[in-house]
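Please keep the sequence and the 3D view at hand while reading.

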Amino acid sequence: MNKISAPKRICINDVPNEILADIFRWVSISSANTLSTQNGLHASEVLSQVCSLWRKLAHGSPKLWTELILKVNVDTNSLNRRESLTHWFSRSRAVDIVLTLDPLRVGMQLQSVISTICDHSNLWRRFRLSLPWAGIMSFFLIGTLCTPQLEELAVECVHSNSPAGLYPRHLAVKEGSERTVITDCGRLRKVCVALLPSFPLELLCNLLPWSGLTEVIIQKPGAHPTLIHHVFMHCKSLVRLKIWTAYWRLLDISMEPSDELRLEHLESFEVEADLRALVHILRSVQLPALKSLTLSGIANHDEELYPVQPSLAVALMELGDHAHFNLVELEIYGLLDFCKTSGLQLEDLLRFLASHHGLTSLALKCQRREDAHGLLNCLSTGFLDERNGRLTMLPKLTTINVDGDWKE
């Protein structure tokens, strides 16, 4: 009678290093590798403390040290944190960094953390700063940073909910202060900024070579409106541009039509702005490759006291006249109020749609239910094309989403 042998037990140390390293990688991704003052150790550090074999394997696996989510508050031991960061970078070949800070608790350790991170800028791949005002200004006054591996950069000012009227027109930078300049960044393609309308423009314009970027995002609370003009003037390789901007009248900013504001390769353009900013941007720029357009309105009560000229309808038509593009996707939110002259009227919208027979997706938000019904009826039965006096439809339109906070 044959004896059935018991299955052989395999010790974890018998697992090939390649498989063990993959397990370590899975654990580190699952735990988000957060360095903070509250939990101290991240997954990669914990794994490296089990035994000498695991420590050697973890320290020799750069993939374990590629995602650094760093949280800092005043309880941080700056010396220990600087040492931990230095060890982290020494084990990595390229790192994605997210640096956040408790905005109500800013201490001297922040300077130490930013300084240590910037000392290893040659390893940055994706770098995101999410800091209060003091932290943001610390970053912009570092000096020259060499970033040969940098692909994405995001700089966000958190907890800045004050209205623009409370911001100074220009935030002062001390004379002779060393400015941050990002160099050797041939891989950099995407930049996201979310600062303040009064942020010193020269700090942003001189921060990096803008000409090679393919994607720029300006998020709330925005940036100085002149930065938008700078983007159109210098970012000629852009494929996607997303903008949040307001307070143009308050800051006495305008934009005039110019051939220099032409982006030959831009395919996706998203603008969230008050009426003055929208009108100035749309009537001034040229976007011959545009395929996707999203317009969102920001409520501004000053518009009733200071009417915007020309109208939004005229500016939208001028956008099409300056450079004939084949629009595929259109989204409009907060601008369709057929009872107000300041917004887009039904005939204005239909006049624009008549020029884009290739449209496949349309998303709109109306103010009243009957406006939505009238619009849907026109799209389903056809509407008059004023250019030739004929009834027209959008033959390729397959997706229609008309919604709104209905006003009965």
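## A first residue

Is E264 buried, partly exposed or exposed? The model is a predicted one, and in it E264 has a relative accessibility of 40%. Buried would require a value under 20% and exposed a value over 50%, so E264 counts as partly exposed.

E264 takes part in a salt bridge with R262, and the closest N and O atoms of this pair are 2.6 Å apart. R262 has a relative accessible area of 26%, so R262 is partly exposed too.

## The protein overall

The protein contains 13 helices and 17 strands. It has 408 residues, and 49% of them count as buried.

Contacts can also be sorted by how far apart the two residues are in sequence. Among the contacts in the protein with a separation of 6 or more, 78% are between residues 24 or more positions apart.

## Salt bridges

The count of salt bridges comes to twelve. One of them joins R128 and E156, whose closest N and O atoms are 3.1 Å apart. R128 belongs to strand β4 (residues 124–131) and E156 to strand β6 (residues 152–157), so this pair ties together parts that are 28 residues apart in sequence. R128 is partly exposed, with a relative accessible area of 35%. E156, at 13% relative accessibility, counts as buried.

Another salt bridge is formed by R351 and D348, with the closest N and O atoms 3.2 Å apart. Both of these residues lie in helix α12, where they are three residues apart, or about one turn of the helix. R351 has a relative accessibility of 28% and counts as partly exposed, while D348 is buried, with a relative accessible area of 12%. Elsewhere, salt bridges that share partners join D96, R125, R126, E151 and E152 into one network.

## Helices α12 and α13

How do the helices α12 and α13 pack, and at what angle? Helix α12 covers residues 346–353 and helix α13 covers residues 369–381; they pack at about 30°, and their axes are 11 Å apart. An angle under 35 degrees counts as roughly parallel, and α12 and α13 are therefore roughly parallel to each other. Their crossing is right-handed.

On the α12 side, the contact is made by L346, L349, L350 and L353, and on the α13 side by L375, C378 and L379. The residues of this contact divide into seven nonpolar, no polar and no charged.

## Helices α9 and α11

The crossing in which α9 passes α11 is left-handed.

Which residues make the contact between α9 and α11? From α9 they are L275, L278, V279, L282 and R283, and from α11 they are L312, A315, L316, E318, L319 and H322. The residues of this contact divide into eight nonpolar, one polar and two charged.

## Helix α8 and its surroundings

Helix α8 spans residues 226–234, and its residues L227, I228, H230, V231 and F232 are buried. What do the buried residues of α8 pack against? They pack against the strands β8 (190–194), β9 (215–218), β10 (240–245) and β11 (268–273), and also against the helices α7 (201–205) and α9.

## The position of S138

S138 is found in helix α6 (residues 133–139). The relative accessible area of S138 is 11%, so this residue is buried.

Which residues does S138 contact, leaving aside its neighbours within four places in sequence? S138 is in contact with Q111 and I114. S138 can also be compared with L110: the two are 28 residues apart in sequence, and their C-alpha atoms are 8.6 Å apart in space.

Technical notes. Residues are numbered from 1 along each chain as its sequence is written. This is a predicted model: local features need pLDDT of at least 70, side-chain atom pairs count only at pLDDT 80 or more; totals for chains, interfaces and linings use all residues. Side-chain values use heavy atoms; hydrogens and water are left out. Axes are lines fitted to C-alpha atoms, for helices over the stretch in contact, and angles run from 0 to 180 degrees between N-to-C directions. Helices (H or I, at least four residues) and strands (E, at least two) are DSSP runs, numbered from the N terminus. Angles under 35 degrees count as roughly parallel, over 145 as roughly antiparallel, 65 to 115 as roughly perpendicular and the rest as oblique. A crossing is left-handed if the near helix is turned anticlockwise from the far one by less than a right angle, and right-handed if clockwise. Contact means heavy atoms within 4.5 Å. Ala, Val, Leu, Ile, Met, Phe, Trp, Tyr, Cys and Pro count as nonpolar, Asp, Glu, Lys and Arg as charged, and the others, Gly among them, as polar. A salt bridge is a side-chain nitrogen of Lys or Arg within 4 Å of a carboxyl oxygen of Asp or Glu. Buried means under 20% relative accessible area, exposed over 50%, partly exposed in between (1.4 Å probe, protein chains only).
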